[in-house]
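The stops below are given in the order in which to select them.

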Amino acid sequence: MQKVELLSPAGNLEKLRIAIDFGADAVYGGVSHFSLRIRSGKEFTFEDFKEGIEYAHSKGKKVYATINGFPFNSQLELLKKHILKMAELGPDAIIVATPGVLKLCNELAPHIPLHLSTQANVLNVLDAKVYYDMGARRIIAAREISLKDLCEIKKELPDLEVEVFVHGSMCFAYSGRCLISTLQSGRVPNRGSCANDCRFPYELYAANPETGTLFRLEEDPGIGTYIMNSKDLNLASHIKEILDSGCVDSLKIEGRTKTSYYAAVTAKAYRMAIDDYYAGCYEPSKYQYELESMQNRGYTDAYLVSRPFEKHDGQSLDFTMQMGTHQVSGMVTLEGTHFMCKYKTLPNEELEIVAPLDTVLHDVDNEIGTIYQRDGRWYMKLKKLVAENKKVWDEVHSGNLNPIELPTMLPSYTFLRIPADGDMGTHPKI
């Protein structure tokens with residue numbers, strides 16, 4: 001049986017490497033404003049993207065290039081040049097969102113498979129067949145689709161690959177077809193520059209057009225303020241149900257603009273879920289432990305396994321973002337001998353080690369610190385904080401750019417974390 005693909009976001013070269021090292025089979029990302037995430041598109045140069053493709057291929061993994069924006073007439077010549085330039089880099093597929101761009105890619109780069117973006121809103125067999133006949137080899141189904149409808153598509157079109165989102169931010173609008181940000185700030189979501197206006201707090205007013213009277217609707221503090229704020233998708237507890245259906249070829253994680261820690265933890269959690277499913281030891285609580293460690297808007301299983309009218313728990317009305325169970329404290333450097341502080345580090349503080357799944361760790365006890373195992377997890381305590389320049393610190397904070405020595409080598413991009421302080425309110429991203 002061929003395993004389902006795990007597809008992770010790659011917002012830049014570092015996140016691409018992290019996602020692959022932590023278990024992704026493939027990653028997706030883009031360069032320039034033709035990608036639907038302008039911010040992450042700016043973090044990739046063509047040279048970086050080429051290096052990322054080479055890195056992925058050296059590990060036997062794949063890279064899908066996003067050219068899934070909605071172009072204007074004035075951009076079509078530039079779009080043609082962009083498609084040709086991206087094709088030269090050798091991605092394993094190109095993700096597109098419109099029939100015109102799909103046709104153009106088929107003409108300019110017929111050797112590269114085409115995947116249809118979720119922005120195309122495929123919900124049924126008829127639409128899936130139209131795009132399949134036009135040359136799409138995979139559809140990334142609309143987030144509003146049900147597992148039953150996915151299976152109908154797969155039954156009718158067995159050679160069409162089906163990809164579904166299993167984790168990440170959910171849009172207030174129908175599969176991202178939103179104009180709120182456009183109206184309020186001129187930033188167009190379907191051209192990659194959404195300002196996330198649905199995440200903002202709003203006050204409600206009532207107006208009488210006959211008298212011109214305007215008054216504010218009073219609310220209880222903290223309740224109903226974030227009226228358009230969707231919870232984050234989390235289907236880690238439904239992977240068995242999804243894979244039992246036999247209808248899904250790829251499980252996709254949203255989040256090209258999320259942190260490096262997010263790229264690592266989501267890839268690791270869903271890698272464990274997939275591998276455990278095929279090994280017959282599926283254990284949802286294990287994956288949720290990892291996913292709960294991250295900042296989130298509250299979690300929902302959304303529409304794939306439950307219809308919208310069957311439940312009403314998809315919104316976070318009283319906060320825009322909450323702290324996860326853990327705080328990222330540090331990230332190991334490329335060389336693996338030091339780490340960079342991401343929060344605050346103290347001597348003799350217990351730090352949990354979050355390393356790629358295949359990492360083999362051993363007990364260590366030396367003058368720098370100790371590494372030990374407890375309850376199936378690995379931890380580290382530093383006896384002293386020694387910088388690369390040999391200066392010894394009493395404590396280190398995120399603003400300190402000195403790499404801090406580890407008791408032993410760890411895989412690059414390994415993360416160190418500590419339990420959160422219990423404050424579940426809004427925090428900056430770490």
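Two strands count as paired if DSSP finds at least two bridges between them. Helices (H or I, at least four residues) and strands (E, at least two) are DSSP runs, numbered from the N terminus. This is a predicted model, in which local features need pLDDT of at least 70 and side-chain atom pairs count only at pLDDT 80 or more, while totals for chains, interfaces and linings use all residues. Residues are numbered from 1 along each chain as its sequence is written, and side-chain values use heavy atoms, with hydrogens and water left out.

Select strand 7, residues 161–168. Of its 8 residues, 7 are buried (under 20% relative accessible area, with exposed over 50% and partly exposed in between; 1.4 Å probe, protein chains only).

At H167, the residue opposite is N234.

Finally, select helix 11, residues 284–291. Which of its residues are buried? They are Y287, Q288, E290 and L291. Viewed down the helix axis, these buried residues fall within an arc of 155°, so they line one face of helix 11; the arc is taken from the directions from the helix axis to the C-beta atoms. Their packing partners include strand 7, strand 10 and helix 10 (260–279), where contact means heavy atoms within 4.5 Å.
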